[in-house]
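Subject: Structure handover

Hello,

Please find the structure below, with my notes after it.

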Amino acid sequence: MTGEIDDPKQLVADLARDRLRTIDRLVRRNRHIIEPDSAGEPARRGELLVMDVDEEGLRRAQQDGFTVLSAEKVPGLGITVTRLATPKGASLAQSETALAKILPDAVVCADNLHFQSGQAGSPLVPLASAGLSGQGSLEVGMIDGAPGNAIPVFAARGFAKGAPFPSHHGSAVASLLLSAGVDKVRVADVYGTDSAGGNALAIAKGLGWLVSQGSDVVTISLVGPKNAVLERAVSAAQRKGAVVVAAVGNDGPAAPPAYPASYNGVVAVTAVDGKRRALIEAGRALHIDYAAPGADISGFNAKGKRISLRGTSFATPLVAARIASAGKGAWRKALDAEAIDLGERGPDSTFGRGLVCAACKGH
């Protein structure tokens, strides 16, 4: 998606329609493992997640046909999630509604899927970078697909079937962190080879691992619906001092608010092109903190080839690197001082508090 937009309103409508078509195709092609929840959002088939439930509640659920699959602890965050299989013959949506009535005091949700929010283009010539080298040792954790072997990350761990498994998107995000001066990139791969990867529980576990390993800044270039398990995981990570940075997605301004970007306290990032124009396809969140370059930049794919990048996915790690550079307690003041005010005077719903890492072009 390059060049001038002939009809912005039509493009916005097309993006909204394409989002629904993409979800529908995903569900139809993977019916054995994905189905819509009660809100119509894609989730792992036949599984519900429950928190704050006691043994008596589980017995009531089992009497109504639900089966306990496992009790999943989220190391590093102090959260326990019980996975329940839905009753035979009942849809996920029906089961979610029924279980919420059986367990009125518990938290019940589907294991919603989250999607990467950027496009990797064709190989191109090198572009200059505006990194943070010389700032000392910087570490950022990322939740995404795993990078290829050509991208030298500090550590990677899998939280999905087949993970860690190289992905172009994860490689591009990791390469941007490195170009911005991050010394240690720790990766939680929540996709692997799983068709239902990027699910909320996997992201929560990845976040817990990153925080437990000392990642004070975590970048997430993924987008999905509001999910109670992931929301609690993000809150727990924040209480431990972690700054979570997330993309607003690329489904356009008519899309529903993006999560995890819309959770309280998450640094929500949008993107601009090389002319400092907001990307027409940028999604929205309940708040916008900063904008960063997300077009006319480059990174590396899983094979180590330099590629053009476009999307809010690629603006997000640049902001995360800036936060890591500034350090705990000082990052907001530092980013506000750097931010270039665009659009309406002061913070606004398009560019947030302004453009940071303005000179960054990737690798």
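Two strands are taken as paired if DSSP finds at least two bridges between them. By that criterion β14 (residues 267-272) pairs with β15, since 4 bridges join them and the two run parallel. One of the residues involved is Thr-270, whose bridge partner in β15 is Ala-291. Please keep in mind throughout that this is a predicted model.

The sheet

These two strands belong to an open sheet of 7 strands, with the order β9-β10-β8-β11-β13-β14-β15 and parallel pairing. Its edges are β9 (155-158) and β15 (290-293), each of which pairs on one side only. On average, neighbouring strands in the sheet are turned by 25° against each other, with direction ignored.

I looked at β13 in some detail. On one side, β11 is joined to β13 by 4 bridges, and the two strands run parallel; here Ile-220 has Ala-246 of β13 as its bridge partner. β13 also pairs with β14, again in the parallel sense, over 3 bridges, and Val-245 is partnered by Val-267 of β14.

Is β13 mostly covered or mostly open? It is mostly covered, as 5 of its 5 residues are buried. Val-243, Val-245 and Ala-247 point one way from the strand, while Val-244 and Ala-246 point the other way. The residues on both sides are buried.

Helices on the sheet

Helix α4 (residues 168-179) lies across β8 (139-144), β10 (184-189) and β11 (217-220), and runs at about 165° to β8. Helix α7 (residues 312-326) lies across β8, β11, β13 (243-247), β14 and β15; its angle to β14 is about 125°.

Ser-179 is part of helix α4. Is Ser-179 buried or exposed? Its relative accessibility is 11%, and the cut-off for buried is under 20%, so Ser-179 counts as buried. From Ser-179 to Pro-253 the separation is 74 residues in sequence and 29 Å in space, C-alpha to C-alpha.

Helix against helix

Two packed helices are described by the angle between their axes and the distance between the axes. There are two such pairs to report.

For helix α5 (residues 200-212) and helix α6 (residues 228-239), the angle is about 10° and the axes are 9 Å apart. Angles under 35 degrees count as roughly parallel, so α5 and α6 are roughly parallel to each other. On the α5 side the contact is made by Ala-200, Ile-203, Ala-204, Leu-207 and Val-211; on the α6 side, by Val-229, Leu-230, Ala-233, Val-234 and Ala-237. By class, the residues of this contact are 10 nonpolar, no polar and no charged.

The other pair is α7 with helix α8 (residues 331-338). Their axes come within 8 Å and cross at roughly 125°. Val-319, Arg-322, Ile-323 and Ala-326 of α7 meet Trp-331, Ala-334, Leu-335 and Glu-338 of α8. The residues of the contact of α7 with α8 comprise 6 nonpolar, no polar and 2 charged.

Regards

Methods:
Residues are numbered from 1 along each chain as its sequence is written. This is a predicted model: local features need pLDDT of at least 70, side-chain atom pairs count only at pLDDT 80 or more; totals for chains, interfaces and linings use all residues. Side-chain values use heavy atoms; hydrogens and water are left out. Axes are lines fitted to C-alpha atoms, for helices over the stretch in contact, and angles run from 0 to 180 degrees between N-to-C directions. Contact means heavy atoms within 4.5 Å. Ala, Val, Leu, Ile, Met, Phe, Trp, Tyr, Cys and Pro count as nonpolar, Asp, Glu, Lys and Arg as charged, and the others, Gly among them, as polar. Buried means under 20% relative accessible area, exposed over 50%, partly exposed in between (1.4 Å probe, protein chains only). Angles under 35 degrees count as roughly parallel, over 145 as roughly antiparallel, 65 to 115 as roughly perpendicular and the rest as oblique.
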